[in-house]
Amino acid sequence: MNVPLDREAVLASLRARVARLEGGGGPQHEAPVVPLCDGLPMPGLARGAVHEVLATSPGCGVAFCTVLLARTGGTVFWIAAGRDGTSAWPQGLAAFGLTPARLILVRAEGWVDALWAMEEVLRCPTVTGALLAVTGSPPGIDARLDLTATRRLQLAAEAGGALGLLLRPDTVAAAPTAASTRWRIGSLGGENGLDDPCWRLELLRMRGGRPGGPWAVTWRAAEGRLEPGRCDTDRAGSTAREALA
Amino acid sequence: MTDAAAPGRFLALHLPSLATDRLRRVEPELGDGLPLATWSSPGGRRVLLALDRAAAGAGLRPGQALADAQAIASDLVLRPADPEGDAAALHGLALWARRYSPITGLDPPDGLLLDITGCAHLRGGEAALLRDALDRLGRAGIAARGAVAGAAATAAALARGRLDNPVVDSGAEAAVTAPLPIGLALRLPRAVMQDLARLGLRRVRDLLDQPRAPLARRFGQDLLERLDTVTGRGRSPLRPVVPPPELTATRDCPEPIVTRAAIDAALDGLLDALRDRLEAAGLGTRHVTLLAWRVDGMIQQVAIGTGLASREPAHLRRLFDERLGRLEPGLGFERMALEARATERMAAGIQARLGLGGRDEGAGTAALAEVIDRLRQRVAVHRVLPVASHWPERSVAALDPHDAVPAAPAGWAAQPRPVLLLRRPAPLEVAGPGDGPPALLRLHGAAHRIRQVAGPARLEPEWWRDRARPERARRDYYRVELASGIRLWIFLDRAEGAPRWLLHGHLA
């Protein structure tokens, strides 16, 4: 090579290239995030990334994902695969902030089609959020939702900038995936009525970060926001972790 | 009055032995040279219906009793008639004939009509076009005669009444049809024909010489109308088998193309050509059909639709990608065409449809429409239409994903509703004190203690909509929280005699 090399410039361009290749691996707080809950150490879930949500019961997982999708602020795709007997019910989703005007429902016959649809949607720059629902536990789903498939989804989300969610039941051994974060959500019953649900939220894994939780959060339907703490404890004086302990 | 007719040019094809030619195409081993006929049994009597040339040469005629025919020609090959199959074959030929003109119509039971106005020069003139069509039909084993004239009915009459495949000038309709026999030219019912023959009226010319009023009184207005259309005095409309496309692009392949790569290349060229035409016209299309003519005369179609008008070759190309696999080239395609329907002014159409204004939003909605189009090739996509109904299953309907969602009716989301609904409510066992709220619930064989209950909320069936489903009974809905924290939406179905508990959804 006879072109004189500017070491600094070469290093800077290589660093930039590595950062591009790593994509979401860079510092998370720089990317715009979808706000989650004020009192938690996490600012929220990064856009342009795929997040995995393990739900111990079907209802709370769907509701939690709905809150996140509604907060992305734009058009949202809800992708379900196969015929498992249940379907996301828009009337109930509206109570968590996701109005029908912003929701597009997709139903695929098989898993391959569902993964393909999720990838297409995540690549679209107009879409702000997409959810792939793994309801029930179809046999072989762990094989389908493997590192390769989730890596493709992650890259698609980085290209399109949407919030991608993989909602799946909390099975004993969920295979590792390439998702940016993995959450677990469960129901925490209350004693004060059935209106505002209370959830147990746990960050199991986070690329480039530390896991955290569990935290207790409560959905205030009237105000349309999540707040830390259990619904039946004194909100002013206790932190979320104490409330759960 | 003759000159008032539109200066169109029409080609008529008469297929005298379509039924038997079709049989020979399907079963090539049917004896060559042996007479072939189809039969049917109107009113219990079995009679001949359609004959091929050899059968006609042997002295048989349609309507003859089957037993007589077999006595006359002992080697006659017989097949039951299949009118639906013949009609389908004629329709298929009408589609095939679109290689000559975009407007082709049926002239049942055995004729085709083509509006070749302005198309003939592409084939070296009307006579050459007619010869080409007859040659191709002949090679496919279908006997045909044809004629070109200034009116569709005139051409049809000439194709039936003359054997020399004439091409006649516009304006001479009356003169050329005058010598034709009435039966072939006007296609009248047999009874009317016999009456006319008894009066000595055998040729079209004889009718033209008669005063019109007595003819109408004696034989009805229908006869005069037929006479007028055939002689070019009245209008003879042609109803196309497929509505003519708004814009087309075509390509003839010098060598028949078979491979997917060659088909792709041809499609790319056609899409570019179509884009140029749409752009020149300031239009976009929402429906594009790819037509492919096979060497053996079959025609295949692949259609795609888009939600928003588009003319972008890359987008249309991706939509075709999923479908091209359905083409069966066989021995190859010799001609391909793209037809654009449902064209719209591009700029205005998009924003009006989605109810969005603003220039910068245009690109975003177009991107969304494109991704929806792509998804629809493989998966079901719909939007949600909120419906004013308290009955849970009915409060949501599906909407086309490209349509704008109307505002939800007042109070639509006010009631507590589950986030997941079971398509078919699942049976449950519930224990509780008497008719009071449930306390224990058994689901999939496991018992769960109920910690909290809200309800009941009683829903009455919508009798004004449910007349067809009287089995629908009132429901008492409860929201329950199990000891594990799971919240369910269950109801007591108060059907006559046998109330039962059912799980209908999952609450958050």
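Biologist: How many salt bridges does a search of the whole structure find over all chains?

Modeller: Side chains of opposite charge can pair when their charged atoms come close. In this predicted model, the search of the whole structure gives 49 salt bridges over all chains. One of them is formed by Asp82(B) and Arg22(B), with the closest N and O atoms 3.4 Å apart.

Biologist: Which parts of the chain does the pair of Asp82(B) and Arg22(B) link?

Modeller: Distant parts of the chain are linked by this pair, since Asp82(B) lies in the loop between strand E4 (77-80) and helix H4 (83-96) of chain B, while Arg22(B) belongs to helix H1 (residues 18-26) of chain B, 60 residues apart.

Biologist: Turning to the two chains together, what area is buried between chain B and chain A, and how many residues does the contact take from each chain?

Modeller: The size of an interface is often given as the accessible area lost when the parts come together. Here the area buried between chain B and chain A is about 4,100 Å², and carbon and sulfur atoms give 64% of that area. The contact takes 48 residues from chain A and 44 residues from chain B.

Biologist: How many salt bridges and how many residue pairs in polar contact are counted between chain B and chain A?

Modeller: The count is three salt bridges between chain B and chain A, and Glu120(A) forms a salt bridge with Arg374(B) in which the closest N and O atoms are 2.4 Å apart.

Biologist: Which elements give two or more residues to the side of chain B that touches chain A?

Modeller: They are helix H16 (359-376), strand E12 (380-386), strand E14 (420-431), strand E16 (446-459) and strand E17 (475-482) of chain B. H16(B) provides the largest share of that side, seven residues, and the residues of the side divide into 26 nonpolar, seven polar and eleven charged.

Biologist: In what order do the eleven strands of the open sheet stand, and what is their pairing?

Modeller: The order is E12(A)-E11(A)-E10(A)-E9(A)-E3(A)-E8(A)-E7(A)-E4(A)-E6(A)-E12(B)-E13(B), and the pairing is mixed. Strand E12 (225-228) of chain A and strand E13 (396-399) of chain B are the edge strands, each of which pairs on one side only. With direction ignored, neighbouring strands of this sheet are turned by 30 degrees against each other on average. Strand E6 (residues 103-108) of chain A is joined to E12(B) by four bridges, and the two run antiparallel; Ile104(A) has Arg383(B) as its bridge partner in E12(B). Within chain A, strand E9 (residues 181-188) and strand E10 (residues 198-206) pair in the antiparallel sense over eight bridges, and the bridge partner of Ser187(A) in E10(A) is Trp199(A).

Biologist: Which strands of chain A does helix H4 (residues 111-123) of chain A touch where it packs on the sheet?

Modeller: Helix H4 of chain A touches strand E3 (49-55), strand E4 (75-81), E6, strand E7 (127-133) and strand E8 (163-169) of chain A, and its direction makes about 165 degrees with that of E7(A). Helix H6 (residues 147-160) of chain A also packs on the sheet, touching E3 and E8 of chain A, with its direction at about 130 degrees to that of E3(A).

Biologist: Why is one side of strand E5 (104-107) and of strand E7 (145-149) of chain B left without a neighbour in the sheet?

Modeller: The open sheet in question has four strands in the order E5-E6-E1-E7 (chain B), with antiparallel pairing. E5(B) and E7(B) stand at its edges and each has a single partner strand, so one side of each lacks a neighbour in the sheet. The twist from one strand to the next averages 20 degrees.

Key: Residues are numbered from 1 along each chain as its sequence is written. Chains are lettered from A and ligands numbered from 1 in the order in which they are written. This is a predicted model: local features need pLDDT of at least 70, side-chain atom pairs count only at pLDDT 80 or more; totals for chains, interfaces and linings use all residues. Side-chain values use heavy atoms; hydrogens and water are left out. Contact means heavy atoms within 4.5 Å. Buried area is the accessible area (1.4 Å probe) that two parts lose on being put together, summed over both. A salt bridge is a side-chain nitrogen of Lys or Arg within 4 Å of a carboxyl oxygen of Asp or Glu. Ala, Val, Leu, Ile, Met, Phe, Trp, Tyr, Cys and Pro count as nonpolar, Asp, Glu, Lys and Arg as charged, and the others, Gly among them, as polar. Two strands pair if DSSP finds at least two bridges between them. Axes are lines fitted to C-alpha atoms, for helices over the stretch in contact, and angles run from 0 to 180 degrees between N-to-C directions.
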